[in-house]
Amino acid sequence: MTTVQERQPEQHAFEADVSRLLHMMVHSVYSDKDVFLRELISNAADACEKLRYESISRPQLSTDGAQPEIRVTLNDEASTLVVEDNGIGMSRDEMIDALGTIARSGTRAFMERLEAAKAGEKAELIGQFGVGFYSSFMVADKVDVISRRAGEEQAWKWSSDGKGSYEIVAVDLSEAPVTGTRVVLHLMDDAKKYTSKWTVEKIIRDQSGHVPVPIRLAEKEGAEASQVTDGAALWTKPKSEISKQDYDDFYRGVSGQYDEPLTNIHFRAEGRHEYTALAFIPGSQPFDLFDADRHGRMKLYVKRVFITDEAELLPRYLRFVRGIVDTSDLPLNISREMIQDSPILAAIRKGVTSRVLTALEKMAEGDAETFGKFWDLFGAIVKEGIYDDFERRSQLLKLSRFRSTASSEATRSLADYLRDMKEGQSAIYYITGLSLDQLNASPQLEGFRAKGIEVLLLTDSVDSFWTTNARDFEGKPFKSITQGLSDLDDIAGNDEGGDSKHEASPEVAAFIDFARGFLGQEVADVRVSGRLTESAVCLVASEHGPDRQLEKILQGAGRLQTASKPVLEVNAQSSLVKAIAAMKDQAFREDAAWLLLDEARILDGDRPTNPRAFAERQARLFALAMAQNTQSPDIIGPRAIA
């Protein structure tokens with residue numbers, strides 16, 4: 001029979017993403033390597049909380065009655081630093097899963113940002129993202145992890161130098177914690193300062209002072225450990241006893257980020273349901289903000305026992321919020337499966353959501369600068385709620401800020417928009433697209449600019465969706481300027497754009513009739529435009545059906561197989577259109593009609609459907625223009641054709 005001592009270590013290669021991460025960490029320059037200790041303590045605290053949770057249904061897991069504790073031991077002679085907990089521990093398979101693969105969804109995004117960053121920016125990135133257990137290799141040239149899973153009669157040792165592989169071997173129970181995990185860092189020569197009691201104690205107090213598990217520190221192996229933190233949960237203390245630094249330190253521990261939060265929301269709810277919530281609005285975008293899973297990062301506690309970080313304590317459009325909720329109304333032995341169906345949790349979710357939105361409203365009213373930073377970071381996410389959350393749609397619309405033609409820099413609220421509406425204006429006008437530059441160059445804006453009518457410039461993908469759900473704001477409907485007929489003639493304005501009636505001469509009207517018939521397979525209609533003042537043509541969507549940008553998004557996502565035919569609008573006052581209409585040659589009129597359609601497509605951000613045919617038609621018209629210009633320069637000049 002093979003004994004523990006006779007077993008050979010198992011050799012494993014790191015997952016590819018782990019190898020990349022470790023290589024970048026070793027070869028990158030960071031301004032603050034202290035992050036490794038906070039990450040290890042955070043992992044240890046989570047392990048203790050998980051044991052407390054599992055012990056509720058399996059009391060035998062905590063047979064010795066020991067209280068949760070984290071112990072940090074220093075050894076100056078051996079150049080080691082040890083972080084040990086008496087938490088849940090890990091089995092062999094859990095070690096491979098937790099230490100050999102990338103488990104955190106934002107890590108891959110972090111690596112991509114780090115690879116793309118310039119050398120001077122890398123230090124800033126590490127301050128925005130916690131890299132968990134792997135941060136140990138910033139200060140250690142070898143790491144050993146000895147762990148015993150609670151309730152199991154086997155212990156395992158994981159070892160690696162962080163250079164592409166690791167090994168796992170079974171060890172005697174005498175060499176492992178009774179339960180829990182011991183992480184041994186063999187420090188590099190330039191990391192010997194982490195054997196100094198003063199240095200390590202300061203790092204623990206500054207960065208991990210509010211983890212809900214006591215932390216003890218021993219200056220050397222075998223020495224009596226002194227208590228550094230008492231494990232008192234910050235959220236249980238009166239707000240008057242908590243400093244801003246305390247809040248910031250707790251935020252960094254619970255969020256895994258190193259930025260400074262924009263604000264915090266700390267309150268205790270009493271009445272039908274009792275709970276305490278401590279939530280933070282981050283000062284930078286979390287790396288997993290746009291992950292497809294889109295889970296929140298709020299932790300649920302019951303009577304200070306950690307239950308899960310996967311409960312939906314906030315709606316998805318507030319998934320950037322970090323923090324905790326602690327309640328006494330749920331049973332300690334509630335299963336994770338039952339949590340999501342709990343009416344108590346639904347009530348808590350509603351209450352926390354309301355308090356977060358109220359805090360944002362107060363920020364918008366009392367601190368416009370901070371709210372502006374918030375909106376730049378998370379506005380696109382908040383607007384998802386306009387689409388998803390009917391109950392709070394009006395509140396979210398009031399919070400929302402937009403770029404518009406009325407301001408080149410500052411954002412505007414819908415209240416600002418309503419205040420400045422023109423006489424006779426009955427709708428809130430908007431245009432959607434990929435960028436501000438593209439939207440500002442849109443021909444559909446010309447008539448609105450001429451009359452001084454404000455148009456919202458919407459560049460986030462979600463804008464194309466919420467505008468279809470949010471029909472109005474305070475009685476004023478939202479209307480896309482790239483859809484349906486224009487109603488500009490009904491609105492008072494500057495009227496600097498020329499003929500307000502957009503009447504077509506008989507020749508132009510005849511050409512439009514010709515184009516309508518000739519292009520019938522490509523467009524739903526060809527008509528005189530009520531919105532163009534400079535450009536010759538533009539495309540708009542029909543009155544019914546999706547907006548042009550929404551249709552493109554749906555097609556790109558494979559959710560719309562066939563696009564609807566657009567409407568080609570023609571500027572009847574354009575000198576180019578008048579010159580084309582004056583030409584009677586059939587071949588010329590056909591080429592001109594096609595080129596006008598392709599021009600409208602290009603202005604709309606698309607390509608001509610047939611680039612070769614487009615080039616050939618353009619070449620024929622160039623040739624005709626040069627020939628006619630040679631004979632009679634005043635008939636059609638190069639400017640008119642171009």
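Contact here means heavy atoms within 4.5 Å of each other. With that in hand, let's look at this predicted model, where local features need pLDDT of at least 70, side-chain atom pairs count only at pLDDT 80 or more, and totals for chains, interfaces and linings use all residues. Residues are numbered from 1 along each chain as its sequence is written, and side-chain values use heavy atoms, with hydrogens and water left out.

**The nonpolar cores**

- A nonpolar core is a set of buried Ala, Val, Leu, Ile, Met, Phe, Trp, Tyr and Cys residues joined through side-chain atoms within 4.5 Å; buried means under 20% relative accessible area, with a 1.4 Å probe and protein chains only.
- The largest one has 68 residues, and F320 and F374 touch the most other members.
- Helix α9 (residues 343-366) gives this core its largest share, eight residues; helices are DSSP runs of H or I, at least four residues, and strands are runs of E, at least two, numbered from the N terminus.
- Skip the neighbours within four places in sequence, and F374 is in contact with L262, I281, F320, L360, M363, G379 and V382.
- Another core lies apart from it, with 45 residues, including I41, V72, L99 and W158.

**Strand β3 and its partners**

- Five of the six residues in strand β3 (residues 80-85) are buried.
- Strands pair if DSSP finds at least two bridges between them; β3 and β2 (residues 70-75) run antiparallel, joined by six bridges.
- In that pairing, V72 sits opposite V83 of β3.
- The β2 and β3 hairpin has four residues between its strands, and S79 takes a positive phi near 55 degrees.
- Six bridges also link β3 to the antiparallel strand β7 (residues 180-187), where R182 stands opposite E84.

Conventions. Buried means under 20% relative accessible area, exposed over 50%, partly exposed in between (1.4 Å probe, protein chains only).
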